[in-house]
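Subject: Structure handover, with notes on rings and strands

Hello,

My notes follow below it.

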Amino acid sequence: MAGLVNNLLMLCLVFQNICLGFRSPLSVFKRYKDTTRSLSTECLGSDRPVISLGLSDFALDIRMPGVTPKQSDTYLCMSVPLPVDDEAYVVDFKPHASMDTVHHMLLFGCNEPSSTESYWDCDEGTCKDKSNILYAWARNAPPTRLPKGVGFRVGGEIGGRFFVLQVHYGDISAFRDKHKDCSGVTLHLTHQKQPLIAGMYLMMSVNTVIPPGEKVVDADIACHYKRFPMHLFAYRVHTHRLGKVVSGYRVRNGQWTLIGRQSPQLPQAFYPVEHPVDVSYDDILAARCVFSGEGRTTETHIGGTANDEMCNFYIMYYMEAKHAVSYMTCTQNANPEMFRNIPQEANIPIPVKSDMLKMTHGHHEEMKDTDKSSLLQQAEKEEEEILDQDFHIEEAVEWPGLDLKLGQVSGLALDAENNLVIFHRGDHVWDENSFDSRFVYQQRGLGPIEQNTILVLNPSNAKLLHALGKSLFYLPHGLSIDKTGNYWVTDVALHQVFKLGADDKEPLLILGVALQPGSDKNHFCQPTDVAVDPTTSSIYVSDGYCNSRIIQFSPNGLYMMQWGEETSSGRARPGQFHIPHSLALIPDFSQLCVADRENGRIQCFRLETGEFIREIKHKSFGRELFAVSYVPGGLLFAVNGKPYPEQAEPVQGFVMNFSTGEIIDTFIPLRKSFEMPHDVVASEDKTVFVGDVHARAVWKFASTEKMEHRSVKKAGIEVQEIKADGEHKLDSSSGRILGRLRGKGGGGLNLGNFFASHKGYSRKGFDRLSTEGSDQEKDEDDGTDSEEECSPPPPPPAPSSS
């Protein structure tokens, strides 16, 4: 088989040498030489050169097929299939690009590109399945060289079969001559099995705000490591203009060990880790970016333009092949107090000569007064694309809830300690007898629910920590928790919204008139959900089953404004609702997203004005979309409803890229189907909960990170539901998740011994990279790695309650 493959490669080489004027195969791996222009003269058109480098090695040239971007901040993608079927390993990279024309390049590995065109707009996505970052380039960085015996695994049964190249063209002034660009990267691949598999670990701040004029602002990131040991061999830092120094550390038993420290204003290459650093189970990985807001007149947020900022620390690592994980991320600060002990060096900026800064940033003037709201709308492709990689939802293993009895589960949330909060209906049921034709509740004689309707559980063991809400509600519905820990709930029978303190028996605030439906400023009609802005404390209510509007109230409950109208016949227009059922507040982008249930879509609006921004709608949603939740940093979660008889779309959960609306993955239980999933919520440790109003159950799902460590001990993953009758069920599902959401982040192999005993292995196998020759860069000076957002249905039958 190997001989046949080699013969095919040699045949390709013969034809390519004819086309390329007998270009030397080894020329693609000559020592790196910096260039000051885009290599358009080397454009290979539609050819995909495969060049033999011996019996087991070959080179693959991946280039843009002669493109001319039409506007700045264009992201273009193209794909190349792996030219062999069996497993191979990428052991070297050579970039072909200049910051004259290219802002940054990313190379992904996956099995199904988002398009089959020769190239496409990356807004369509990079890959349809999960993808891994293999390589990143920006600022005329020299090649990345891997240590001996280390490679990125591709092909075969595990590795991806396609490479997808993403090129970000920042400032297109260099294309005034309409020339064609063929930037890209050449890969050196081998069939020789590599004992160590390379991967990428990204540490990234997602919520840093830099006040104008502030001299020093720290962005801190820290996560506990919960996998098999890994060895770190290279690092890369990234910020925009305001970054002064970025440092990364391993923290073990209180001892800080430097991984790497660099000025983000120098060429953003991968630099070698000076002294070998191994990371073991339960170590902490920590990073700090130091910014200065001097010279700015407005707040600077994390974002994708030159006027925004980023704080990224990339780590290249390798692991023993049988335990290898190709991509990991950290976007939280798990232990803020520990940064009091960070080494002083992390706070000292690295001087950069003024001529280097001039070369780095170019000669373009920075925009001074860009409209803030328009900047917030620009989805940060790089950040969010990274966020939706390599995180799979699996069902949690042993979540005890055998003795917990629940009524119809209508709402879920997480408190400040990430405890799970459940809002349920006890012994009350919403059925066809609950309301008359005027939406007046008909079962007042039953009295309020006698059981505690708000339950606070330990998310790990389902132990009941606290309970309240007895004799207050008739038909609970929506639940959220504000930044100070207050519970906000809606009751569709009472037509009211309540604010409750965690320890208060009586409500702190009530909106609406009890048992009186209405459509004016003082009444609701079966309100469904409530959200509170963490910045302004403004209150947003979705109203509801018999109204079609969103209402904004001041923090003390005064009516401010409303928007929305009933859906007209035909296709639902922007701002029209058919049961606005669930709310997700997106403070990162100053937006409010609404699950427009019976229109089967998500609508997003500007918080300040209620202005429609966009719709997210997919065929796989079916006709009903019940709930939506947001993870700060770029992910959107949703659950849909049961399909109508003529529909094929299953009831399931969705993970989406908030920026693009693209579905990253879906998840469903395997042993017991969802009946009517009513709410979804995710925690900082990437645990997801789904509550089902008909099944009267809550499913718990855990992310890949957590699950893989458990599989070491148990060799299996389980899921449990909390059932009304105490029954213990086992389910499983798959999906992907990353990030954090609030209300609506040891034993085994000893790598040191393994490396020391590996014949021919050297810890110094990573060559120092040159930092000289950095060309001028345009305003968009971000080299962040990223990945990546029908016709109207016939009128549906009358919507179900609940």
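Predicted model: local features only at pLDDT ≥ 70, side-chain atom pairs only at ≥ 80, totals over all residues.

Aromatic pairs

A pair of rings is described by how far apart the centres are and by the angle of the planes. The count of aromatic pairs comes to 25. One of them joins Tyr169 and Phe175: the centres are 5.7 Å apart and the planes stand at 85°, so this pair is edge-to-face. The cut-off for that class is an angle over 60 degrees. Phe175 is buried as well, with a relative accessibility of 4%.

Tyr235 and Tyr271 make a tilted pair, with 6.1 Å from centre to centre and 40° between the planes.

Charges over rings

Arg236 sits over the face of Tyr314, 5.0 Å from the ring centre. Arg614 lies over the face of Phe658, and the distance to the ring centre is 4.7 Å.

Strand E29 covers residues 496-500, and five of its five residues are buried, so the strand is largely enclosed by the rest of the structure. In a regular strand, side chains alternate between the two faces of the sheet. In E29, Gln496, Phe498 and Leu500 point one way, while Val497 and Lys499 point the other way, and all are buried.

On one side of the pairing list is strand E28 (residues 487-491), which runs antiparallel to E29 and is joined to it by five bridges. Within this pairing, Tyr487 has Leu500 as its bridge partner in E29. E28 and E29 form a hairpin with four residues between them, and His495 in the turn has a positive phi of about 60°.

The other partner is strand E30 (residues 509-511), which pairs with E29 over three bridges, again in the antiparallel sense. Here the bridge partner of Lys499 is Leu509 in E30.

Regards

Key
Residues numbered from 1 in each chain as written. Heavy atoms only, no water. Phe/Tyr/Trp six-rings, centres within 6.5 Å; stacked < 30°, edge-to-face > 60°. Buried < 20%, exposed > 50% of the residue type's maximum accessible area, 1.4 Å probe, protein only. Lys NZ or Arg CZ within 6 Å of the ring centre and 35° of its normal. Helix = DSSP H or I, 4+ residues; strand = E, 2+ residues; numbered from the N terminus. Pairing = 2+ DSSP bridges.
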